[in-house]
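Let's walk through this one from the fold down to single side chains. Have the viewer open and keep the sequence handy.

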Amino acid sequence: MNGFSRRKVLTAGGVLGALGALSLATPAGARSLWTWAPDESVAGTGAGVDPQWVWDDEADPVLAAVLDRGGISAINDQLATWTRNDQAPPAGLPADLREFMDSARQMPSWADADKLDRASRINSTKGIYIGALYGLGSGLMSTAIPRESRAVYYSKGGANMKDRIAKTAKLGYDIGATDAYLPQGSMIVTAVKTRMVHAAVRHLLPQSPAWTQTSGGQPTPISQADILVTWHSLATFVMRKMKEWGVRVSDADAAAYLHVWQVSAHMLGVRDEYIPASWDAANAQSKQLLDPVLGSTPEGKALTQVLLGIVAEIDAGLTRDLISAFSRYTLGDRIGDMIGLAQEPILEPLIAAAWPLLVAFREGLIPLPAIPAIAWTLEEALRQFVLLFLNEAQPIAISIPDTNRPA
Ligand code: HEM
């Protein structure tokens, strides 16, 4: 991390320390009544229980027992050797954990190999939009999701927020890897490890005084509803923005992109009765789950600065204002204000005028000369961002935390 972004992180940390007490007063987002019907889900049926009160019945007791027994560092050493989808969980793991992993790594019966294959090809044609949207759209939006910001901030990974915040956005990108769900790929491993990390966090965070004081009465973090909120901030948001921008996505590609996210939700432990079966169902669920919970928190604002600090690392901060203005343009002023993005009165209108033209050109709808110069600078900055931040060759290294963020 260079001096510039480190300074930003430290400043953000200081502001956060000063505002810590304030977060007590920040109410959890108002939640709407759960009316989304299970017949809209991939299961097609279900009890209709509000997912706000459902966690992960299979993973949670196993990870709680594993954490209570201790020896996480040896378990993480074993887990580091588990990298391929077609690999059995390491024999040296405790029997209860291995048994859980063996069951959790099974793909759902409704997974469709053709759709997964089609989805993996979307990144090669639309990668710049998808990468920019995961990193600067979804990644930044996560800082306007109070429960996610606080869980991330007060868990062990919160001590290295840059690394932590990069991982959720990068997972979005890895889902689109060519071999994501093929035998030699690694998405099954990544999703099952993430599911175990979430289960560990459910056991650990309730022991954190800082988290319990800001949890708005939620007894255990990362409910099924919370995971779906994040899911919509990734999948549903990206599809909506691509359509809004005029990116040409065929119906078959849109269905394939939904499918890879449906499979990923299942592999992350979301019950099939909550996974939307169609984009219409997803949009309706997103309105009910994501829209009402967006809000401003000191933790979220600190995380925003960290994410923008990552961008500044790419070119010593030269394009930071441009990227910040693009993020504001993408997320809109309401979310921009919530997470403390700077106002960009000059750059934002320029981007609002230039970006649609750039998209139209890239989609073959208008000829070259109509593009203002700023669009190319922006495109180059986004390309660098996507290459360096999201598209690095190495898979996300995930280990189980055994403690919260140190006080
Ligand atoms: C950890 C992805 C939903 C809170 C992780 C990790 C990934 C991930 C890849 C592992 C990162 C690492 O090793 O540090 C996702 C995805 C989600 C999702 C794809 C939904 C689609 C959520 C939600 C919350 C949350 C809803 C909280 C409300 C956390 C926390 C950690 C974590 C606290 C552990 C951080 C640490 O201490 O290292 N998640 N996550 N996640 N996630 Fe999620």
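Helices here are DSSP runs of H or I at least four residues long, strands are E runs of at least two, and both are numbered from the N terminus. On that count the chain has 17 helices and zero strands. Bear in mind that this is a predicted model.

**The chain as a whole**

Of the 407 residues in the chain, 55% are buried. Contacts across the sequence are well represented too: among contacts with a separation of 6 or more, 77% are between residues 24 or more positions apart.

**The iron and helix α8**

Which residue donates to the iron atom of the ligand? H198 does, through NE2 at 2.1 Å, and H198 is the only protein donor of that iron. To find H198 in the viewer, look in helix α8, residues 187-204.

Helix α8 also packs on helix α2 (residues 59-69), with the two axes coming within 8 Å and crossing at roughly 65 degrees. Angles from 65 to 115 degrees count as roughly perpendicular, so α2 and α8 are roughly perpendicular to each other. The crossing of α2 and α8 is right-handed. On the α2 side the contact is made by A59, D60, L63, A64, L67 and D68, while α8 brings in R195, M196, A199, A200, R202, H203 and L204.

**Two buried leucines**

L97 sits in helix α4, residues 95-104. Is L97 buried or exposed? With a relative accessibility of 0%, L97 counts as buried, because buried means under 20%.

L79 is in helix α3, residues 72-80. L79 has a relative accessible area of 1% and is buried as well. How far apart are the C-alpha atoms of L79 and I400? They are separated by 8.9 Å, although L79 and I400 are 321 residues apart along the chain.

**Two further helix pairs**

Helix α5 (residues 113-141) packs against helix α14 (residues 320-331) at an angle of about 75 degrees, with the axes 10 Å apart. That angle makes α5 and α14 roughly perpendicular to each other. The residues in contact are A132, L133, L136, G137, L140 and M141 from α5, and I323, F326, S327, T330 and L331 from α14.

Helices α10 and α11 (residues 251-267) have axes that come within 11 Å and cross at roughly 175 degrees. Angles over 145 degrees count as roughly antiparallel, so α10 is roughly antiparallel to α11. Here W231, L234, A235, V238, M239 and K243 of α10 meet A254, Y257, L258, W261, Q262 and A265 of α11.

**Charged pairs**

Side chains of opposite charge can pair when their charged atoms come close. This structure holds 18 salt bridges, including the ones in this table.

| Salt bridge | N to O distance |
|---|---|
| R84 and D86 | 2.8 Å |
| R105 and D102 | 3.0 Å |
| R240 and E244 | 3.2 Å |

Why are R240 and E244 about one helical turn from each other? Because they are four residues apart in helix α10, residues 224-245. R240 is partly exposed, with a relative accessible area of 43%. Elsewhere, salt bridges with shared partners join D56, E58 and R195 into one network.

How accessible are the members of the other pairs? R84 is partly exposed, with a relative accessible area of 37%, and D86 is partly exposed with 44%. In the remaining pair, R105 counts as buried at 18% relative accessibility, whereas D102 counts as partly exposed at 33%. The cut-off for buried is under 20%, so R105 at 18% falls on the buried side.

Conventions: Residues are numbered from 1 along each chain as its sequence is written. This is a predicted model: local features need pLDDT of at least 70, side-chain atom pairs count only at pLDDT 80 or more; totals for chains, interfaces and linings use all residues. Side-chain values use heavy atoms; hydrogens and water are left out. Donors are N, O and S atoms within 2.8 Å of the metal (3.2 Å for Na, K and Ca); water is not among the atoms, so sites may look incomplete. Buried means under 20% relative accessible area, exposed over 50%, partly exposed in between (1.4 Å probe, protein chains only). A salt bridge is a side-chain nitrogen of Lys or Arg within 4 Å of a carboxyl oxygen of Asp or Glu. Axes are lines fitted to C-alpha atoms, for helices over the stretch in contact, and angles run from 0 to 180 degrees between N-to-C directions. Angles under 35 degrees count as roughly parallel, over 145 as roughly antiparallel, 65 to 115 as roughly perpendicular and the rest as oblique. A crossing is left-handed if the near helix is turned anticlockwise from the far one by less than a right angle, and right-handed if clockwise. Contact means heavy atoms within 4.5 Å.
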